[in-house]
Amino acid sequence: AGFTDTTATAVDCLAMFGITKGTTATTYSPDDSVPRWAMALYITRAHAPAGGTLGAGVDQGFTDISGKSAEIQLAINQIAELGITVGKTATTFAPDDNVTREEMAMFIERLLALTAPGPNGNSDDALTTNISGDGATYNYTDIDSGVTYEGHNAIVELYHLGVTDSATAATSYSP
């Protein structure tokens, strides 16, 4: 991808599919926090390559996104249309807040629930599913309290998909 601050193949893949553009033309900033507006862009950019269709981005009533670019406003409204977010409240998205790891898990899990399994949303295997965890088996000791019911389930589902292999420690998710 041409980023000078990471050589991760996963980042190159995200750039190849247009999911990330980096923080500049030559930097990805892998250690930076992710604001909620950026997560909205990642989700909308990932949805199409995964075989999904985005809505028109009709205004969802968030009063705190008007200062953002048209691209960001569109992405936030599109993920709300899809049910991937309900915002922080009915009228606020909090675009400049950093997305927590719990929120990130819920965003990704909701996206996967809308995405058909297989390359580009196609699979010949009728038994293929996106979400396959049993809900009871996981390593994390820090998701049983202080985490929403939905957040807990999303974290466990992503654990079973192998998405959270690089969590903060073997037994900590740090929601």
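This is a predicted model: local features need pLDDT of at least 70, side-chain atom pairs count only at pLDDT 80 or more; totals for chains, interfaces and linings use all residues.
Residues are numbered from 1 along each chain as its sequence is written, and side-chain values use heavy atoms, with hydrogens and water left out.

Q: Is the crossing of α2 and α3 left-handed or right-handed?
A: A crossing is left-handed if the near helix is turned anticlockwise from the far one by less than a right angle, and right-handed if clockwise. For α2 and α3 the crossing is left-handed.

Q: How many nonpolar residues are in the contact of α2 with α3?
A: Contact means heavy atoms within 4.5 Å. W37, A40, L41, I43, T44 and R45 come from α2, and E71, I72, A75, I76, Q78 and I79 from α3. Ala, Val, Leu, Ile, Met, Phe, Trp, Tyr, Cys and Pro count as nonpolar, Asp, Glu, Lys and Arg as charged, and the others, Gly among them, as polar. The contact has 2 charged residues, 2 polar and, for the class asked about, 8 nonpolar.

Q: Which residues does T44 contact, leaving aside its neighbours within four places in sequence?
A: T44 lies in helix α2. It is buried (under 20% relative accessible area; exposed is over 50%, partly exposed in between, with a 1.4 Å probe and protein chains only), because its relative accessibility is 8%. I72 is 28 residues from T44 in sequence and 10.0 Å away, C-alpha to C-alpha. Beyond the local neighbours, T44 is in contact with L54, A75, Q78 and I79.

Q: Which residues does N77 contact, leaving aside its neighbours within four places in sequence?
A: N77 lies in helix α3. Its relative accessible area is 6%, so N77 is buried. The contacts of N77 are G57, V58, D59, Q60, F62 and I65.

Q: What kind of aromatic pair do F62 and F93 form?
A: Rings of Phe, Tyr and Trp (its six-membered ring) pair if their centres lie within 6.5 Å; planes under 30 degrees apart count as stacked, over 60 as edge-to-face and the rest as tilted. The whole structure holds 4 aromatic pairs. In this one, the ring centres are 5.7 Å apart and the planes lie at 55°, so the pair F62 and F93 is tilted.

Q: What is the relative accessibility of F93?
A: F93 sits in the loop between α3 and α4, 31 residues from F62 in the loop between α2 and α3. F62 is buried at 7%. F93 also counts as buried, with a relative accessibility of 0%.

Q: Is Y159 buried or partly exposed?
A: Y140 is buried at 5% relative accessible area. Y140, Y159 and Y173 form one aromatic cluster. Y159 has 23% relative accessibility, so Y159 is partly exposed.

Q: How do the residues of the contact of α4 with α5 divide by class?
A: The axes of α4 and α5 come within 8 Å and cross at roughly 70°, so α4 is roughly perpendicular to α5. The crossing is left-handed. E102, A105, M106, I108, E109, R110 and L112 in α4 meet E150, G151, A154, I155, E157, L158 and L161 in α5. The contact divides into 8 nonpolar, 1 polar and 5 charged.

Q: What is the phi of A94?
A: Most residues other than glycine have a negative phi. A94 is found in the loop between α3 and α4, and counts as buried at 13% relative accessibility. A94 is not a glycine, yet its phi is positive, at about 60°.

Note on methods: Helices (H or I, at least four residues) and strands (E, at least two) are DSSP runs, numbered from the N terminus. Axes are lines fitted to C-alpha atoms, for helices over the stretch in contact, and angles run from 0 to 180 degrees between N-to-C directions. Angles under 35 degrees count as roughly parallel, over 145 as roughly antiparallel, 65 to 115 as roughly perpendicular and the rest as oblique.
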